[in-house]
Structures are given as structure tokens and as C-alpha cells.
Amino acid sequence: MVGISQNFGFSERFLCGGTLISSRYVISAAHCFKTSNKPVSSSVYTFRVGSHTLKDGTKYDVEDVIVHERYQPSQNYHDIAVLKVKGEVSLNDKVKPVCLPKPSFVGQDFKGREVTVTGWGDTFYGGTRSKVLQQVSIPVVSNKECNNSYSKLALSKYPQSITRGQICAGLSEGDKDACQGDSGGPLVLEESGRWTLVGIVSFGLNCAEPGYPGVYTRVSHYIRWIAANTDLGE
Ligand code: ARG
């Protein structure tokens, strides 16, 4: 996975997680970049690959940030963005692109399957960023169950319902989840050594709350959008 930063002069401030999908593209969440109606300026972003702490690894510049055209700031639908790398990321044993979902994954809900989320985000709600990369495995929760939870909340901050473009994961007792700062990062499913990106960290009610799984952008729903906005064929 990659760590994306926003740069102000000489200072590099960690912003979000992301995932390499080829040597030229990183996938992340729209809300990391689009916080107002202003156009996104790609030149302020950099990202690091092969990092354990937020300061190590190899740094790359961003040539372009493509935010999903139907993403609306303050809403969580279509929370997906692609960053085009300036130049090319040099790949090796430790720096490899993730697999995108195969066509057979489209329409599968993955309910109960163990998936893994990683990031440098807060280690508890209201806490601080983790100094080192963390990972946790959690089961996928069906959209129906996830929707039952989130539709109980009357907060306008949360969407009216969990849509087909989203996937949820977490334990019913809470305890294990992504948190602030993990946004844009990967939710992956491993099948005989093949790691597929099934989700992108999007939002949740606080972090690791019992009954409220984390909500992720469902990558299999956006395969066409990804193909149309990168040079990766379907
Ligand atoms: N929106 C958050 C961020 O900007 C991610 C929150 C994920 N929360 C959760 N409970 N899974 O980092």
C-alpha cells in the first residue's frame, strides 16, 4: 500500500492511504482530495511506496488526480479516485500492484469472508496516527445488515443507505476496524496467494463501534470506471 501526503512548501503532511494498481496508477478515496467545489490541484500531492513508517520508502510525485465525477463532497457515494503517477513506480519484491477484482467477483457479496485492511490511521477514535503500518483482518458484513445499522442513524453526515457501490466489514462486537487516517487505503481478499482489492476505506461511525462495521467503496462495482480513467484495460 502507499501513503499519500499533501505538501506545503517543504513540509509533507500525511493525508490518506492508497493502493498501487499498476506502476502508473494509485487508487484511493475521493474524499481525500475533493473537500470543496474547487478543482483538485495534483501538484501538492506525493506518495510513498515500500514504507513501514510514514517517513521511509520511496517518494513519487502525482501527475493527475481523477476524482469520480459523481462524488459529492460531504456525501460518501462514489468515494473513489485515481492518481496518475508522474513517471513510473519501480516495482520489486516489496512494491507490487494489487490485483483488481476479476469479472467473477462482480455481484458477489463476500459475506463472512475474511478481509484485511491496512493503514497508518488512528489506533482508536480520537487518537493519533500510527507510527508504523498496521493491519487487521475482519469479516465482510452483508450490505443488508450494514444498511440496517447505518439507516438507524439520523445524522445527515451518513448516506441514506448502503448502496451496491459499497462493501462493509467488521465484527459485530466492534473492536477491529479502520479509523481516521486510514481512508483511501486497501481492503484486500487473499485467495491462494493472490491479493485482490475489494474495498477502499471510506467511512464509519467513529471507529470499531459494536454494530457499526466500517464502510468501504466496493471496487468490483467500479471496474469500468477504473478502466475508463486509466490505461488499464478491463
Ligand atoms: N473517513 C476516514 C478518513 O478520512 C476513514 C474512516 C474509516 N472509519 C471506520 N470506522 N472504518 O480517514
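**Exercise 1.** In this predicted model, determine which parts of the chain are linked by the salt bridge in which the side chains of Lys 59 and Glu 12 meet, and classify the exposure of both residues.

*Solution.* 
1. The contact between the side chains of Lys 59 and Glu 12 is 3.2 Å, N to O, and the criterion requires a Lys or Arg side-chain nitrogen within 4 Å of an Asp or Glu carboxyl oxygen. The pair therefore qualifies as a salt bridge.
2. Lys 59 belongs to strand S5 (residues 58-67), whereas Glu 12 belongs to strand S2 (residues 11-20). The two residues are 47 residues apart, and the pair links distant parts of the chain.

**Exercise 2.** State which strands are joined by the salt bridge between Glu 63 and Lys 84.

*Solution.* 
1. The side chains of Glu 63 and Lys 84 form a salt bridge with an N to O distance of 3.2 Å.
2. Glu 63 is located in strand S5 and Lys 84 in strand S6 (residues 81-85); these distant parts of the chain are 21 residues apart.
3. With a relative accessible area of 38%, Glu 63 counts as partly exposed.

**Exercise 3.** Explain why the pair Arg 113 and Glu 191 ties together parts that are apart in sequence.

*Solution.* 
1. A salt bridge of 3.0 Å, N to O, connects the side chains of Arg 113 and Glu 191.
2. Arg 113 is in the loop between S6 and strand S7 (114-119), and Glu 191 is in strand S10 (residues 186-191), so the pair ties together parts 78 residues apart in sequence.
3. Arg 113 has 29% relative accessibility and is partly exposed; Glu 191, at 26%, is also partly exposed.

**Exercise 4.** Locate His 78 and Ser 192, and describe the phi angle of each.

*Solution.* 
1. His 78 is a residue other than glycine with a positive phi, near 55°; His 78 is found in the loop between S5 and S6.
2. Ser 192, also a residue other than glycine, has a positive phi near 35°. Ser 192 lies in the loop between S10 and strand S11 (194-203).
3. Exposed requires over 50% relative accessible area; Ser 192, with 80%, is therefore exposed.

How values were computed. Residues are numbered from 1 along each chain as its sequence is written. This is a predicted model: local features need pLDDT of at least 70, side-chain atom pairs count only at pLDDT 80 or more; totals for chains, interfaces and linings use all residues. Side-chain values use heavy atoms; hydrogens and water are left out. Helices (H or I, at least four residues) and strands (E, at least two) are DSSP runs, numbered from the N terminus. Buried means under 20% relative accessible area, exposed over 50%, partly exposed in between (1.4 Å probe, protein chains only).
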